Amino acid sequence: MMDNFTPGPAGEASPTKAGASADAAVEAPDAVEAAAAADFREELFQAGVPEHLHDWLAEYGIGALVVKMGIRFLEMGPERCVATMPVEGNTQVAGILHGGAHVVLAETLGSFAAGMHAGPGRQALGIEVGATHHRAVSAGTVTGTCTAIHLGRTLTTHEIVMTDEQGRRLSTARITNLIR
């Protein structure tokens, strides 16, 4: 089992893209992997991932869902991780931010923080996530602030608070990751 946020050992999840790149993988796998890593480095830059983390994430990127949701990182560390996400494009039929979008932001932040705590050669696997929604938002940008509650040898737990542009709490989430 592997989440989309923790780079795994070589041989799991291929970073190649479909189409011409996939065809080229048969002919020149090293060239395709190098091109994919270069593509992910641009993705990391665009998402605001600090440069000191690029080597760690270069082979896997930040995940397609994180890109689709428009999540942009402002701060990344095992004890605190902060990112923003636009409301536009992430709404449900009533025109407010989808509850699942809150959880995607929370799990993204908590999983990256747990992966950084796990360190090289270890993997963080989400085993529980839950959220309480306090108020709706229909426009602007949401900020998620992830704070460590417990950073252990085998488990991490983080609380993630989502706020609107006025600093009002929109939701509170908690994620627990298993470290292996």
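Mentor: A patch is made of residues with over 30% relative accessible area and no salt bridge, with like charges joined within 9 Å and nonpolar side chains (Val, Leu, Ile, Met, Phe, Trp, Tyr) within 5 Å. A salt bridge puts a side-chain nitrogen of Lys or Arg within 4 Å of a carboxyl oxygen of Asp or Glu, and accessible areas come from the Shrake-Rupley method with a 1.4 Å probe, counting only the protein chains shown as cover for residues. Mind that this is a predicted model: local features need pLDDT of at least 70, side-chain atom pairs count only at pLDDT 80 or more, and totals for chains, interfaces and linings use all residues. Residues are numbered from 1 along each chain as its sequence is written, while side-chain values use heavy atoms, leaving out hydrogens and water.

Trainee: OK, what does the secondary structure of the protein come to?

Mentor: Helices (H or I, at least four residues) and strands (E, at least two) are DSSP runs, numbered from the N terminus. Reading along the sequence, you get α-α-α-α-β-β-α-β-β-β-β. The tally is five helices and six strands.

Trainee: In what order do the six strands form the sheet?

Mentor: Two strands pair if DSSP finds at least two bridges between them. Here the pairing is antiparallel and the sheet is open, in the order E1-E2-E4-E5-E6-E3.

Trainee: And which strands stand at the edges?

Mentor: Look for strands with a single partner, which means one side is left without a neighbour in the sheet. The edge strands are E1 (72–75) and E3.

Trainee: How many bridges pair E4 with E5?

Mentor: E4 has E2 (residues 80–86) as an antiparallel partner too, over seven bridges, with Cys81 opposite Cys146. Going on to E5, a hairpin of three residues makes the link, and Thr143 stands opposite Thr163. Between E4 (residues 141–151) and E5 (residues 155–163), the count is eight.

Trainee: At what angle does H5 run to E6?

Mentor: Axes are lines fitted to C-alpha atoms, for helices over the stretch in contact, with angles from 0 to 180 degrees between N-to-C directions. Contact means heavy atoms within 4.5 Å. H5 (residues 99–118) lies across E1, E2, E3, E4, E5 and E6, and its angle to E6 is about 40°.

Trainee: Back to that surface: which residues form the nonpolar patch?

Mentor: One member, Ile127, lies in E3 (residues 124–133). Ile127 counts as exposed at 53% relative accessibility, given that exposed is over 50%, buried under 20% and partly exposed in between (1.4 Å probe, protein chains only). With about 240 Å² of accessible area together, the members are Ile127, Leu155 and Leu178.

Trainee: Is Thr176 buried or exposed?

Mentor: Thr176 sits in E6 and, leaving out residues up to four places away in sequence, touches Leu125, Gly126, Ile127, Glu128, Leu155, Thr156 and Thr157. Its C-alpha is 6.0 Å from that of Gly126, 50 residues apart along the chain. With a relative accessible area of 12%, Thr176 is buried.

Trainee: Which residues does His54 contact beyond its neighbours within four places in sequence?

Mentor: His54 belongs to H3 (residues 54–57). At 9% relative accessibility, His54 counts as buried. Its contacts are Arg41, Leu44, Phe45 and Val49.
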